[in-house]
Amino acid sequence: MDIEKLRKDLKEHGQEQLLKFWNELDENQQKKFYDELKGIDYAKTNRSFTVATEDAENHRGEKKDERIKPIPPEHFGSVARAGNNLKVWEEKGLQEIGESKVAVLLLAGGQGTRLGVSYPKGMYNVGLPSGKTLYQLQAERIRKVEELAAKKSGKKCIVPWYLMTSEHTKESTSKFFSDNDYFGLDKENFVVFEQNTIPCMSFEGKIILADKGKLARAPDGNGGLYAALLTHKILEDMEKRGVEYIHVYGVDNILVKMADPVFIGFCIGKGADCGAKVVEKTIPTEAVGVVCLCDGKYEVVEYSEISNNAAEKRDADGKLTFRAGNIANHFFTFKFLEAICREHENELPFHIAKKKIPHVDDSGKIVTPVTPNGIKLEKFVFDVFGFTENLAVLEVLREDEFSPLKNAPGSAKESPETARQMTIDLHYRHIIAAGGKFVDSDGVVVPAVARTQSAPVVCEISPLLSYFGEVSTVEPSLKSISL
């Protein structure tokens with residue numbers, strides 16, 4: 001170990017505080033810490049901090065009203081208004097899936113901290129009758145879409161599943177799937193890789209120590225996907241498998257359609273190299289980013305970057321002009337994804353997130369702050385939209401496709417209870433649409449309710465039986481269910 005050279009390098013970049021407790025570490029601790037410190041590009045880290053903080057400061061409070069325009073109609077589609085196109089998109093998507101050209105990529109770095117659990121979100125059980133976790137539901141949807149596509153193509157097909165975890169979720173996620181025999185999926189088509197972490201910084205730009213011989217680090221955001229794909233040679237794996245299209249999504253949406261044939265077919269039909277699913281933003285104050293054009297480039301503009309006047313603006317039909325609410329559900333062609341990773345990853349901006357970061361104080365005592373004391377730098381997965389002129393945006397029905405699980409039980413929204421109820425409501429509508437009916441203990445038919453109302457019953461359809469409400473041609477027709 002050339003500690004003097006390291007000390008000189010740290011001083012040159014204003015990070016000499018990292019060796020404050022060096023002499024208090026034993027030999028093994030010094031070796032481990034030395035290796036960690038040598039792995040940091042301090043010039044790049046400092047530059048990223050400076051650019052991100054200056055950008056945030058320069059645009060503080062700035063509104064983008066005059067710079068934004070809604071998505072051009074030729075790049076926009078709606079499931080609710082698709083008519084016969086819906087079947088065309090579905091058929092095209094199933095055709096490509098049937099040729100084993102489609103992969104799904106899960107952003108699974110989040111822990112269930114806000115849910116009150118210490119394990120990954122994907123392992124959470126919201127209390128459906130089956131007791132299935134998010135991971136199991138997603139695995140079974142892959143199995144079902146493979147089955148549907150195989151019937152269409154007449155041959156066995158594979159939808160490989162790539163999971164980007166964090167250092168906190170990789171081991172437990174891998175063990176969970178192994179313990180459950182991958183929920184019926186082939187192990188070789190299940191690929192787990194870890195996103196990178198980067199040092200946390202103080203507000204003054206100093207790298208924070210988590211302990212006397214350990215840096216405070218954090219995952220580099222869901223936009224860290226692109227660097228991780230390179231680091232772990234995932235692109236090479238995709239190319240070897242013949243993957244041409246990738247569906248990327250976040251783990252916490254219980255209603256997500258894995259490798260959705262409609263979405264895949266829509267994007268291909270539009271000639272898009274990049275796509276986004278959105279839901280209609282129905283109230284101006286909803287705290288969600290919107291997909292739009294900003295200075296002529298596609299972007300997700302955060303709700304805080306638009307004034308109330310712009311947020312309340314409506315079209316002639318009464319709908320909000322800027323209503324394409326982003327739901328972290330994306331389509332990429334392999335060629336576009338490869339170009340981003342190999343040519344443009346360094347151009348993606350870092351964003352700052354002020355956080356409460358545990359650290360050691362000057363006396364060497366570990367402190368858990370109660371207010372934000374530092375910054376985590378992160379990239380956003382959708383920042384690549386600005387690199388395409390061929391973005392396709394598909395508006396889907398919120399009640400059919402978007403119910404995120406973010407908050408603790410008992411919360412008013414985005415909770416286990418709301419996720420469970422929206423799943424039940426969707427399955428109830430599927431059963432009614434298929435001609436089924438519910439009867440009570442006296443044999444009296446329970447009246448069907450409007451789409452916007454909660455189901456009057458508790459019901460669940462296994463993804464292995466039906467992917468998106470299609471009636472099985474193998475199972476006997478469902479006529480009635482007794483309550």
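Histidine 247 sits in strand β11 (residues 245-250). Strands here are DSSP runs of E with at least two residues, helices are runs of H or I with at least four, and both are numbered from the N terminus. The model is predicted, so local features need pLDDT of at least 70 and side-chain atom pairs count only at pLDDT 80 or more, while totals for chains, interfaces and linings use all residues. Residues are numbered from 1 along each chain as its sequence is written, and side-chain values use heavy atoms, with hydrogens and water left out.

Histidine 247 has a relative accessible area of 0% and is therefore buried. Buried means under 20% relative accessible area, exposed means over 50%, and partly exposed lies in between (1.4 Å probe, protein chains only). The side chain of histidine 247 makes a polar contact with the side chain of asparagine 329, at 2.6 Å. A polar contact is a pair of N or O atoms within 3.5 Å; within protein, one must be able to donate a hydrogen and the other to accept it, and residues adjacent in sequence count only if both atoms are side-chain atoms. Neighbours within four places in sequence aside, histidine 247 is in contact with residues including Ala103, Val104, Leu105, Phe263, Ile264 and His330. Contact means heavy atoms within 4.5 Å.

The axes of helix α4 (residues 85-98) and helix α9 (residues 261-269) come within 6 Å and cross at roughly 95 degrees. Axes are lines fitted to C-alpha atoms, for helices over the stretch in contact, and angles run from 0 to 180 degrees between N-to-C directions. Helices α4 and α9 are therefore roughly perpendicular to each other. That label covers 65 to 115 degrees; angles under 35 count as roughly parallel, over 145 as roughly antiparallel, and the rest as oblique. On the α4 side, the residues that meet α9 include Leu86, Trp89, Leu94 and Ile97. Among their partners in α9 are Pro261, Val262, Ile264 and Phe266. By class, this contact of α4 with α9 has nine nonpolar, two polar and three charged residues. Ala, Val, Leu, Ile, Met, Phe, Trp, Tyr, Cys and Pro count as nonpolar, Asp, Glu, Lys and Arg as charged, and the others, Gly among them, as polar.

Residues up to four places away not counted, tyrosine 135 touches Leu106, Trp161 and Phe177, among others.

The loop between α6 (170-179) and β5 (190-194) holds tyrosine 182. Phenylalanine 183 is found in the loop between α6 and β5 too. Most residues other than glycine have a negative phi. Yet phi of tyrosine 182 is near 55 degrees, and phenylalanine 183 has a positive phi of about 50 degrees. Tyrosine 182 is buried, at 11% relative accessible area. Phenylalanine 183 is buried as well, at 8%.

Proline 447 lies in the loop between β21 (437-439) and β22 (480-482). Its relative accessible area is 61%, so proline 447 is exposed. Leaving aside neighbours within four places in sequence, proline 447 is in contact with Tyr428 and Pro456.
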